[in-house]
Amino acid sequence: MIDFTTDYLGLTLPNPLIVGASPLADDLSLARRFEDSGAAAIVMRSLFAEQISAEALARHRAVDPHVFAHVEAGSYLPDPEEYALGPQEYLSHVRRLKETLSIPVIASLNGDTPGRWMEYALLIEQAGADALELNIYGVPSRVDEDAGAVEQRICGIVEEVHRHVQLPLSVKLSAGFTAPLNFGAQLSEAGADGLVIFNRFYEPDIDVDALESVPRLLLSSSAELLPRLRWLAMMSAELPCSLAVTGGVHTVPDAIKSIMCGAHAVQMVSALLRHGPAHVASIIHGMSEWLVEHEYRSLDQLRGSMNARRCPDPSALTRGNYIHTLQSWGA
Ligand SMILES: Cc1cc2nc3c(=O)[nH]c(=O)nc-3n(C[C@H](O)[C@H](O)[C@H](O)COP(=O)(O)O)c2cc1C
């Protein structure tokens with residue numbers, strides 16, 4: 001019998017498989033089916049800073065239509081009623097999920113500049129969530145804000161949220177920071193108990209006839225896991241915090257590789273949207289078979305075995321891999 005126990009953000013989980021932030025937690029009976037299939041925790045879809053401020057604005061307008069009359073929401077943002085869960089509904093949904101499930105419920109707050117939305121961390125804690133994932137997805141678009149200032153702004157958000165809640169806190173990071181290891185260490189210092197790597201970027205496409213940006217959501221494939229594996233391998237060798245992978249975990253080998261590179265938890269969304277709750281059970285079963293076949297006794301024994309400290313050749317994670325790969329192309 002393999003010991004699958006995993007510590008993630010201070011939560012003791014029976015296995016590392018987590019349903020990642022998505023609409024999969026919207027429906028209580030579906031969430032229950034994920035729990036029954038063996039999911040160790042579930043992350044709710046995000047509550048967005050923009051929707052919290054839009055709702056506050058709408059409330060003020062209802063009281064006095066002249067207040068903030070000059071402020072127009074960005075036309076590209078959804079209207080408040082288009083979000084699946086409004087701010088108050090979000091809190092009620094945390095409570096409902098907690099009443100329905102026995103696995104940990106992780107809420108998600110999503111914003112990239114400091115603001116009133118951060119107060120929802122405390123409300124989410126009071127609603128009973130077991131942990132909070134802060135998604136700080138942003139697109140630095142000011143020419144006068146340098147990389148250091150972006151990092152400082154994000155660490156400031158983490159510090160502020162950490163100051164106000166006792167909840168275990170993870171930060172869902174975007175790829176592309178100049179110095180991810182250093183930034184990961186700063187986030188950990190600022191109060192993050194864990195990092196979730198990485199956000200997928202949803203770049204807008206262009207409709208050339210209509211001359212319009214077109215949002216496009218494509219599900220991931222296993223190919224997207226590779227950059228995550230590299231940074232898991234580097235971060236797990238250096239950082240003291242929990243690490244979860246998100247992005248490109250579809251198969252048993254994907255999950256095994258993630259743990260080998262140091263992941264404590266493995267989040268899945270696209271694969272579960274495609275295959276449904278039974279996929280969780282089949283991944284756990286497949287991992288267990290693989291571990292038995294390769295004579296592991298626990299997941300801990302596997303964890304980090306291919307990280308930067310322990311893999312046979314750490315240069316495979318840095319420039320060595322780049323040069324080697326380019327030279328490997330045959331005619
Ligand atoms: C339909 C859909 C909705 C999502 N909603 C959120 C969200 O609200 N907040 C968030 O942090 N990530 C959200 N994500 C991103 C996922 O949590 C995950 O990071 C991403 O899909 C990569 O994982 P995957 O390859 O397993 O799909 C969403 C993804 C999908 C496909």
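This is a predicted model: local features need pLDDT of at least 70, side-chain atom pairs count only at pLDDT 80 or more; totals for chains, interfaces and linings use all residues.
The protein contains 12 helices and 12 strands. Its radius of gyration is 21 Å. The globule rule gives 20 Å for 331 residues, so the protein is as compact as a globular protein of that length. Along the principal axes, the C-alpha trace spans about 70 × 50 × 45 Å.

Two loops carry backbone features of note. In the loop between strand 1 (6–8) and strand 2 (11–13) lies leucine 9. The phi angle of leucine 9 is near 55 degrees, a positive value in a residue other than glycine. The other feature is a cis peptide bond, which joins isoleucine 197 and phenylalanine 198. Omega for this bond is about -5 degrees. Phenylalanine 198 sits in the loop between strand 8 (194–197) and strand 9 (205–207).

Helix packing was examined next. Two packed helices are described by the angle between their axes and the distance between the axes. Helix 5 spans residues 147–164, and helix 6 spans residues 180–190. The axes of these helices come within 8 Å and cross at roughly 25 degrees. An angle under 35 degrees counts as roughly parallel, so helix 5 is roughly parallel to helix 6. Helix 5 passes helix 6 in a right-handed crossing. On the helix 5 side, the contact involves Glu151, Cys155, Val158, Glu159 and His162. These residues meet Phe183, Gln186, Leu187 and Ala190 of helix 6. By class, the contact of helix 5 with helix 6 has 5 nonpolar, 2 polar and 2 charged residues.

Helix 6 also packs with helix 7 (residues 225–238). Here the axes come within 10 Å and cross at roughly 50 degrees. That angle makes helix 6 oblique to helix 7. The crossing of helix 6 and helix 7 is right-handed. Helix 6 contributes Pro180, Leu181 and Gly184 to the contact. Helix 7 contributes Trp231, Met234, Met235 and Glu238. The contact of helix 6 with helix 7 has 5 nonpolar, 1 polar and 1 charged residues.

A further packing joins helix 8 (residues 252–260) and helix 10 (residues 278–293). The angle is about 65 degrees, and the axes are 9 Å apart. Helix 8 passes helix 10 in a right-handed crossing. Val252, Ala255 and Ile256 form the helix 8 side of the contact. Ile283, Gly286, Met287 and Trp290 form the helix 10 side. The contact of helix 8 with helix 10 has 6 nonpolar residues, 1 polar residue and no charged residues.

Conventions: Residues are numbered from 1 along each chain as its sequence is written. Axes are lines fitted to C-alpha atoms, for helices over the stretch in contact, and angles run from 0 to 180 degrees between N-to-C directions. Helices (H or I, at least four residues) and strands (E, at least two) are DSSP runs, numbered from the N terminus. Angles under 35 degrees count as roughly parallel, over 145 as roughly antiparallel, 65 to 115 as roughly perpendicular and the rest as oblique. A crossing is left-handed if the near helix is turned anticlockwise from the far one by less than a right angle, and right-handed if clockwise. Two residues are in contact if their C-beta atoms, placed from the backbone, lie within 7 Å. Ala, Val, Leu, Ile, Met, Phe, Trp, Tyr, Cys and Pro count as nonpolar, Asp, Glu, Lys and Arg as charged, and the others, Gly among them, as polar. The radius of gyration is taken over C-alpha atoms; the globule rule is 2.2 Å times the number of residues to the power 0.38.
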